[in-house]
Every structure is written in structure tokens, then in C-alpha cells.
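Here are my notes on this model. Please keep the viewer open while you read.

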Amino acid sequence: MTFPPGPRGVIEVSRAFRAFSDNPSKQMLALSERYGGTAGFRLGQENVVFLGEPDLIGEVLLDKDGAFIKDKVTRGLSIIVGQGLLTSEGELWKRQRRLISPSLTRKHIASYAEAMTRSAREYAAKVRADEVRDVHADMAKVTLDIVLVTLFGTGIERGHEKVGHVIDDLMADFQEVIQSWRRLFPEWVPFAARRRSLGNAKLLDAVVFDLVKKRRASGALGDDLLSRLLAARDESDPTRGMDDQQLRDELVTLFLAGHETTANALSWTLLLMAEHPEVDAKLCAEVQRVVGDRAATLEDVSALTYTDAVLKESMRIYPPAHIIGREATREMKLGRWTIPANASVLISPWALHHDRRFFDDPEAFRPERWLDGSTANLPRHVYLPFGGGPRVCVGNHFAMMEAVLTLAAIAQRVRFERVDREAVGVQPAITLRPKGGITLRARLRSGQSPTLASRQTA
Ligand code: HEM
């Protein structure tokens, strides 16, 4: 048994590290190709393993022996999300997952379809013919509206909506620190980004605790996630719910885990559709056939199979969560490898999705591959936009429903075109963002006038 092969010596390792910092997933694919799947190296005191073999990835994600915890970067997010689902471990995570997942099953999120369609149609109605827009900024706004309404309900008071911007600012500062040399310094070193974060964290707590307190006091529970989490009770002890701190952590977690990822998925999809007018035309034809001009509903989602395939293919090419990280809590055997205690084990959905061992012509955007049977025999743990195993994304149905309904609403009225031919770069932060946004020109579908579209939104 051995540590996986990989770059060795100061020069090779620092070159690999630099390439990793620039684009972690691309570097993982390069190392996987060079070392036959899995590669490992030592970075200072830290052992890092890039895992590229699906059966071993399955072992890590399923984690039957409870040998893995989340990696350092994910754990670092607890500065923002505390001990919510994304960062908690052990018994706390198990209990919270049991309490929260029933609120995010297909059946329970059905009532959010209307809010999703409404926000997306309001956006589409505002788009003017031939204007050039940054659709990444647009999708961030649409998904922000959706997450605020679904988390807190429509009665959100003035001032409370700033919760979204505060979390986004916290995330930006967090990314700034972890992507630079500043991450090597202990947490108490007061860089500007960290000082700002402390102020923002206080502001966030004040707003979220206020929302929770008011909702508890009013006793008026609705359909939003805050109400559901307030009503959630432990099966083993029906008197036990979540205290305010836990509720705060879970609300911020759901916001953080669900907002930017979905915004990125939609932005990349709009770019790919602009680059592939034939896909855009097919998707539009499906929406016309299934939905026509009315507002799309939950019942339409399962009939929009091509739209679903476009999203699956877009998340194959640009998986919003492009790295999934774990840390080994003890030395262990993984296939033929020895993984030392405390090693970081990194899985890259991006590298897997672009690997020609698994996908025919992996760089081609071809939604049909999800409909014509060519992906029917994919090995398990190869297509991982939502992760896998017990810690699979708890919001995956929510995200797919939101993305399908948003795309449908946009396709009813607007088609986007590239403004220039320059490739849009990726900015692989915690999520896979487009570098510098995505600038596209909007064309109204024929027969669409702004007045007609606003009437449809009403
Ligand atoms: C396209 C959109 C989304 C993508 C690509 C995505 C991706 C992922 C992935 C890959 C994981 C697993 C991380 C790991 O194993 O370390 C995850 C976990 C999680 N996601 Fe999502 N997600 C999306 C949308 C959402 C939404 C809308 C919500 C909430 C409504 C959400 C809430 C969560 C939470 C709470 C976790 C942690 C689950 C746990 O550890 O038990 N996500 N997501």
C-alpha cells in the first residue's frame, strides 16, 4: 500500500500548487490524466489527494465507517454559517438532516413553484429588446428574490431583505482570504476583509435573530422554510425543536448553499444556449408546447424534459460546486492507496465531467446525451453536480425546480445572443463563477411586445 503518485520535490509541487490555485479543477484533470486517476502530494505539512477513481470516490462519499469530515475550506465557512447542515458533523448533522430534509422533498417544495415562476417572469418582463445585459448579475438577483421569499415568506419587512447582500459580502470576503496568501495566517489576524466580515456577521445575526424572534412571537406559521424549520420536531422527542442559534445557522446555510450555486447554474446555461441557437430553439419549442404563454407551474416541470436535459448538460460542463472536499480523520486504506490521517481528499466534479473515460466528446454541449441513452450506463459517482452519499445536496429538487421554471419563463419571452466571440473565463472560487460576468444581448421572441409580456406576468 502506498501514497498515490504525484508531483514530488519543491519545484514540481509549487508548480502544481500554482496551477491548482489558478484553476483547481483543471489541474485535477491534468494530474488525473498524468497519474492514471488519483494523484497525491505533500504541501508543507499537508497531504493532499486528488481522487479521480469513481469506485474510490463512492467509498469516500458514502463514508460507511464515518472516517471523513468536511475539508478545511468547507469547515472555514462556519465563520458565516455556524454549525448548519453544510458544516456540522456527527450526531448534530444527523439530527439536523432528519429535521430539515422533509421540508425540502419534492412534495414539500411544491408550494414554492409559484414564487419561482413569478420572480422569473417579472425579470423576463423587464428585459428590453436588443439591450446588452450581464445575465450573471441578473440571475443572482432572480435567485435572491426566490430564496428570500421561500426562506422567509412574502411578508419580509423593509430592511430584512439586506440579509442577502450581507451574506454575499461575507462570502466575497471569505473567498478573498482563502484564495490568497492571507489564508496561511491564524483567524485572529485582522486583515481588512476579516474586520469587514466581523461587522457583517454582527449585522447578519441581528437581522436573522430578529426575523426568528418575530415569527416565534407572532405564532403565524406559513409555508416558508423558516416556518417549517420552526415547526420541525425530533422524531425521538417531539418536544424538541431547534433553538434560535441553530435556526439562524440553518437559515444562513440554506441561503448560502442555495443562492450562488443556482445563480451560477442558470448563468452558465444562458451562455451555453446563446452559443448554441439550435439548443435554444428546441428548448423554446418545448416550452411553447408544454406551457404556451401562461405561467409555468409545478405540473409542467416533469413534462419539460428537454429543459431538464439542458440543465443537466450545463451542470456537466460547468458544475457550480466544482470541488467536493473531505478530510481523513485517521490513516486508512482506500483501494490500493494509503491515505494518511488529516489528509485532504479532493473530488472534482468538473474533472470527472470532462473526462473522456466517461463522456464521449466531453467538451461538446449536447443535452441529447441525457435523453438518447448514451449516459444510461455511466459508472456511479461520475456525474456529481449535487455530490453523493448521505451528504448529497439537500436542496437538489429545489434547485432543479427553480432552474427549470426560471429557464421556462425566460424562454417564453427572451432569447440571448453572444455580443462578441471572446470565451467567457471561469473563476473557480468556492463555486464556479464566470469571470467578469456574462454579457449577452437580449432579443425578444417574435410576437412578444413588452406590454404583452408585462400583462402575462400580472
Ligand atoms: C444548482 C444548484 C446547487 C448545486 C450545484 C448544489 C451542489 C451541492 C453539492 C455538490 C453539495 C455536497 C457538498 C459536499 O458533499 O461536501 C451540496 C450540499 C448542500 N446543499 Fe446544495 N447545491 C445546489 C443548490 C442548493 C439549494 C437550492 C439548497 C437549499 C435550498 C442547497 C442546500 C445544500 C445544503 C444545506 C447542503 C449540505 C447538505 C449536508 O451536508 O447534509 N443546495 N450542494
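How do the residues of the shell around the ligand divide into nonpolar, polar and charged?

1. **Basis.** This is a predicted model; local features need pLDDT of at least 70, side-chain atom pairs count only at pLDDT 80 or more, and totals for chains, interfaces and linings use all residues. Numbering starts from 1 along each chain as its sequence is written.

2. **Ligand shell, by class.** The shell holds 14 nonpolar, six polar and three charged residues. Ala, Val, Leu, Ile, Met, Phe, Trp, Tyr, Cys and Pro count as nonpolar, Asp, Glu, Lys and Arg as charged, and the others, Gly among them, as polar.

3. **Ligand shell, by residue.** The ligand is surrounded by 23 residues. A residue is near a molecule if its C-beta atom, placed from the backbone, lies within 6 Å of it. Ala-257, Gly-258, Gly-387, Cys-393 and Gly-395 are the closest.

4. **Ligand shell, by helix.** Helices H13 (244-275) and H18 (396-413) each supply at least two residues of the shell. H13 gives the most, with seven. Helices (H or I, at least four residues) and strands (E, at least two) are DSSP runs, numbered from the N terminus.

5. **H13 against H16.** H13 packs on H16 (residues 305-317) at about 100°, with the axes 9 Å apart. Axes are lines fitted to C-alpha atoms, for helices over the stretch in contact, and angles run from 0 to 180 degrees between N-to-C directions. The two helices are therefore roughly perpendicular (65 to 115 degrees). Ala-265, Trp-268, Thr-269 and Leu-272 in H13 meet Val-310, Leu-311, Ser-314, Met-315 and Ile-317 in H16 (contact: C-beta atoms, placed from the backbone, within 7 Å). This contact has seven nonpolar, two polar and no charged residues.

6. **Open sheet.** Three strands run in the order S4-S12-S9, with antiparallel pairing. Two strands pair if DSSP finds at least two bridges between them. S4 (132-134) and S9 (414-418) are at the edges with a single partner strand each, so one side of each has no neighbour in the sheet. Neighbouring strands are turned by 45° against each other on average, direction ignored.

7. **Sheet details.** S9 and S12 (residues 439-444) pair over five antiparallel bridges. Glu-417 stands opposite Arg-441 in S12. Helix H9 (residues 135-152) lies across S4, S9 and S12, at about 55° to S4.

8. **Strand S8.** S8 (residues 344-347) pairs in the parallel sense with S2 (residues 46-51) over four bridges. S5 (residues 324-328) pairs with S8 in the antiparallel sense, over four bridges. Val-345 in S8 is the bridge partner of Val-49 and of Arg-326.

How values were computed. Two residues are in contact if their C-beta atoms, placed from the backbone, lie within 7 Å. Angles under 35 degrees count as roughly parallel, over 145 as roughly antiparallel, 65 to 115 as roughly perpendicular and the rest as oblique.
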